[in-house]
Amino acid sequence: MKNMLCKGIAAAGFLALASTIGLHAQEFRVFSRTVQVHGFGTQGFVHTGENNWLTMNTSNVGSGEFTDFGANATVPLFDKVRVGAQIYEHNVGQLGKWHPQLDWASADYKFKTWLSFRGGKVKTAMGLYNDTQDMDSLHVFALLPQSVYPIDMRDATLAHLGGDLYGTIKPEKKLGSFGYTLYGGDRRDSIYGGYPYLLQIHGISMQQYGGPVMGGDLRWNTPVKGFTAGTSYVYEIITGTGQLNPSIALGGPNIVVPYKEWSNNDFMNQYYGTWSSRSGKLRLDSEYRRYWRDQDIFSGQFWVTTDVRSWYVAGSYGINKWLEVGSYYSYFTNNWNCDVPGQIPAPSASSPDRHVYDKAVTARINLKNYWYAKVEGHFMDGYAGFMYPDGFYPQVNPQGLKPNTNGVVVRTGMYF
């Protein structure tokens, strides 16, 4: 607790100091090569009137356990080769817990416009915003739509260890252009993310989670000015290992035994579109995602299927250079089934333990060219149960969950 408090004070100190000075990207030279260094930090406060949210104690007085910061450096080694890396640290309630991580570290070789390569720990191209989740300064919203970009699953989707082929193809001017990415590698989740935390209610202490992943992204920059459409696909073979106390979930003896789970079929489809006005002031986004998982759990004793359907529509408008407003409607349903004794899914998606419908409104204020603040209201229907991370956890709601949650998120950030 003392360590967490000290780091929280340090993060707040960074923001306070940075607010009094101008922040600029830093550059220096190493062996005739220019190294660019960028950094960022955000601090948030979340208050809800009913249920605790995002593993924080947000009801009643609210919670300020919503902090992240990071730094990255890039350098061109040769004319067509660039390398870079980013270190990231965060604490969101019970997630992150101030354990620093290597967000990404990769080398990029631009061979041709239509064919390039990158390898290392590479950001995963998926949908509109998966590979920019760590760039809060780019978004008007304090929280991206949680149905598609849940903050408690950030560590699982941001990057993969492997390689990409990517490029841009321009067949004819009247057809626009096509950008593609094909990738393969390995996914390794942090044990301080939302899924390992959720498993604790079943007596499972996850020690390792991940496996092979492959996929691709195809986006069409259409001839219609400002309009882009695309699709993404991901296929995974995921295995988790850890320890299980069977007395908690299965009513067995109070002992600790090895635990393992593995996916039999695990994939994700995503479709998206975005449009910006010629002035750049108005932006409209929409995405749809289906996630399907069929897995054996409790070391193969039982099975569970998870069928998550999620989508959102969002819009934002820049009133002037100081103020931008936005709103979205976020839709999340989890159609799950399993043969674990006592686990029976609700018969209809209208049940609050099968869905989360979130209406959000936000305002972003640009205080300086490097400093911003966001105020965002959320009006949520449902809590979607406990079979997949969705922002609501029984550990921080010991009295049970109510069907509706209203809340406010205040977030400020700086970057250079």
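## Cavities in the structure

Five cavities of 30 Å³ or more are found when the whole structure is searched. A cavity is a set of points, on a 1 Å grid over the protein atoms alone, where a 1.4 Å probe fits but cannot get out. Grid points are joined across faces, edges and corners, and a volume is the space filled by probe spheres set on the points.

This is a predicted model, in which local features need pLDDT of at least 70, side-chain atom pairs count only at pLDDT 80 or more, and totals for chains, interfaces and linings use all residues. Residues are numbered from 1 along each chain as its sequence is written, and side-chain values use heavy atoms, with hydrogens and water left out.

## The largest cavity

The largest cavity holds about 390 Å³ of space. Its lining (residues with an atom within 4 Å of a point) comprises 33 residues, and Pro150, Met153, Thr157, Arg289 and Tyr388 are the closest to the centre.

Several elements, which are DSSP runs numbered from the N terminus (helices H or I, at least four residues; strands E, at least two), each supply at least two lining residues, among them helix H2 (154–157) and strand E7 (159–169). Strand E13 gives the largest share, three residues. The lining divides into 18 nonpolar, eight polar and seven charged residues; Ala, Val, Leu, Ile, Met, Phe, Trp, Tyr, Cys and Pro count as nonpolar, Asp, Glu, Lys and Arg as charged, and the others, Gly among them, as polar.

## The second largest cavity

The second largest cavity has a volume of about 240 Å³. Of the 21 residues lining this cavity, Asp68, Gln133, Ile151, Arg154 and Arg411 lie nearest its centre. Strands E2 (33–48), E3 (63–76) and E4 (81–92) each supply at least two residues of this lining, which divides into 10 nonpolar, six polar and five charged residues.

Notes:
1 Å grid on protein atoms, 1.4 Å probe; cavity = no way out; pocket = protein on both sides within 12 Å on 5 of 7 lines; lining within 4 Å.
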